[in-house]
Amino acid sequence: TCALPIYVRNKIKGCEEVGIRSYSFNLPASASQHDAENLVKELVASDNIHGILVQLPLPSHLDEQAILKLIPPAKDVDGFCAQNVGNLAMNR
């Protein structure tokens, strides 16, 4: 296994510092689109998961937009979904 990049470790550390429980789900670089989408769908369906952040960039064989579109606005930590981008643009 390779070590997590410093910026990912800092996100985890930041969560710990403010009392947010975070979980990391690391798929292999060879994971299929199906595998990645299924993981996101499982997280979306879980009542114990309140926010989802997909660490970008994804491997080039994966469709990032298709994966990100699976995340509902209420669980979109990055604010990448159209509704959250619109809310930000409207100063909401």
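Student: Why is Glu 17 called exposed?
Tutor: Its relative accessibility is 59%. Exposed means over 50% relative accessible area, buried under 20%, and partly exposed in between (1.4 Å probe, protein chains only). Glu 17 therefore counts as exposed. The model is predicted: local features need pLDDT of at least 70, side-chain atom pairs count only at pLDDT 80 or more, and totals for chains, interfaces and linings use all residues. Residues are numbered from 1 along each chain as its sequence is written, and side-chain values use heavy atoms, leaving out hydrogens and water.

Student: What makes Lys 13 partly exposed?
Tutor: Lys 13 has 47% relative accessibility, so it counts as partly exposed.

Student: How do you know that Lys 13 and Glu 17 form a salt bridge?
Tutor: The term needs a side-chain nitrogen of Lys or Arg within 4 Å of a carboxyl oxygen of Asp or Glu. Here the N to O distance is 4.0 Å. The search of the whole structure finds 1 salt bridge.

Student: Why are Lys 13 and Glu 17 about one helical turn apart?
Tutor: Because they are 4 residues apart in helix H1 (residues 6-17). A helix is a DSSP run of H or I with at least four residues, numbered from the N terminus.

Student: How many residues has helix H2, and what does it span?
Tutor: H2 (residues 33-45) has 13 residues and reaches 18 Å from first C-alpha to last, close to the expected 18 Å. The expected span is 1.5 Å times one less than the number of residues.

Student: Which residues of H2 are buried, and which exposed?
Tutor: Ala 36, Glu 37, Leu 39, Val 40 and Leu 43 are buried. On the other side, His 34, Glu 42 and Ala 45 are exposed.

Notes:
Helix = DSSP H or I, 4+ residues; strand = E, 2+ residues; numbered from the N terminus.
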